[in-house]
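Let's take a tour of a protein chain with a ligand in place. Have the sequence and the 3D view ready, and follow along point by point.

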Amino acid sequence: MKTIDLRSDTITKPTPAMRAAIANAEVGDDVFGEDPTINKLQKKVAALLGKEAALFVPSGTMANQIAIKCHTIPGDEVICDVNSHIFNYEGGSPAFLSGVQLHPLPGVYGIITPQQIKPVIRPKDSHYPQTRLIELENTHNRAGGTIYPLEVIKEIRQLVDFYDLKMHLDGARLWNAHIATGIPLHEYAQYFDSVSVCFSKGLGAPVGSAIAGSMELVNKAHRVRKMLGGGMRQAGILAAAALYAVENNIQRLADDHARAFRIATFLHSVQGVSINLEETRTNIVIADFKDYGVDAKTLCKKLGEQGVLCMDFSATKIRFVTHLEINDADIDRVLEVFGKIFKN
Ligand code: TLP
């Protein structure tokens, strides 16, 4: 019986076609800027995001942390959502690598608003940390793959310009927002000084992310990547997978979204389970079992025994993520297992 792994979209393995692209990749020494496949990928990503340049990096975490390092100096403050990835899952690296403190705001489903941000921008006074950067996440992981409304992003940008700040997008899953809304990637990206995107989540590549922005920003990012030990050599074999992913796996995200919605719809109908069905528009489903009476760990274990893997995201919340190794028949089986386990 196939194990249906809904723990994360990071678990996918390269398909035979992707492996063929890897095997046939032209490579060179990227630290010398001589890897043609990496150069092609970087150009492609910059063009998709409407930015001057992009830099291939090993992970989403490194992309975000390079961005923070480029935009800030120690003692600065970065405003973000309390459930953001940089605040929860990057090992405290903003403090470790950039000497900055984060100022997390209680967003609603991951969305922080200009009304929340404006009052916490620090006065220019030596007592205070200096507010330097605002970081948004789209789609928002911990909030359940929620999509940042373009209008809100635009308003935040106005604040950023007024106060002479910078703005970074953790766009690990920006591809999903693009497919769910039809809004072009560059339309989202235009409001940000830097954007990170991942190839190793919904797009199915084994490794890799990119950070995009102005030529000046990317030159700086290049140096920071080197300092972090992220200068890779014949990494065109990795970029080939990422390039394949970008060229072939963006449109299919719509299928992941439809499958996640089937999971969400089922759970929504279970008494005691709370789920934001309206905002479940991409490949992540977060269900809260607070009023169901069984804790998340126990439920994950029960589901796991039936061959459905998922991840407890708090004592009461479970995350289910669809991806390219999950098909419609798998969702049929997931719903069958749900039917056995979740009794109304
Ligand atoms: N997210 C992982 C875990 O770290 C939680 C996952 O399974 O979803 N930004 C966002 C929004 C992410 O969700 C992730 C990974 C990252 C950045 C970091 O990417 P990597 O793992 O490549 O460093």
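Predicted model: local features only at pLDDT ≥ 70, side-chain atom pairs only at ≥ 80, totals over all residues.

Residues are numbered from 1 along each chain as its sequence is written, and side-chain values use heavy atoms, with hydrogens and water left out.

**Around the ligand**

- S8 also reaches an oxygen atom of the ligand, with a polar side-chain atom 2.7 Å away.
- On its own the ligand exposes 510 Å², and the protein buries 83% of that (accessible areas come from the Shrake-Rupley method with a 1.4 Å probe; for residues, only the protein chains shown count as cover).
- There are 14 residues around the ligand, and S8, T61, N141, D170 and R173 come nearest (a residue is near if one of its heavy atoms lies within 4 Å).
- Sorted by class, that shell has seven polar, six charged and one nonpolar (Ala, Val, Leu, Ile, Met, Phe, Trp, Tyr, Cys and Pro count as nonpolar, Asp, Glu, Lys and Arg as charged, and the others, Gly among them, as polar).
- Helix α3 (residues 60–71) gives the most to the shell, with three residues (helices, H or I of at least four residues, and strands, E of at least two, are DSSP runs numbered from the N terminus).

**Two domains**

- The chain splits into domain 1 (16–248) and domain 2 (252–343), with bounds from an automatic or database domain assignment.
- Their contact (heavy atoms within 4.5 Å) takes 20 residues from domain 1 and 14 residues from domain 2.
- Together they bury about 1,500 Å², 56% of it on carbon and sulfur atoms (buried area is the accessible area, with a 1.4 Å probe, that two parts lose on being put together, summed over both).

- A cis peptide bond, with omega about 0°, links N138 and T139, and T139 is in the loop between β5 (130–137) and α7 (150–162).
- Y109 isn't a glycine, yet it has a positive phi of about 50°.

Notes. Polar contact = N/O pair within 3.5 Å; in protein donor to acceptor, adjacent residues only side chain to side chain.
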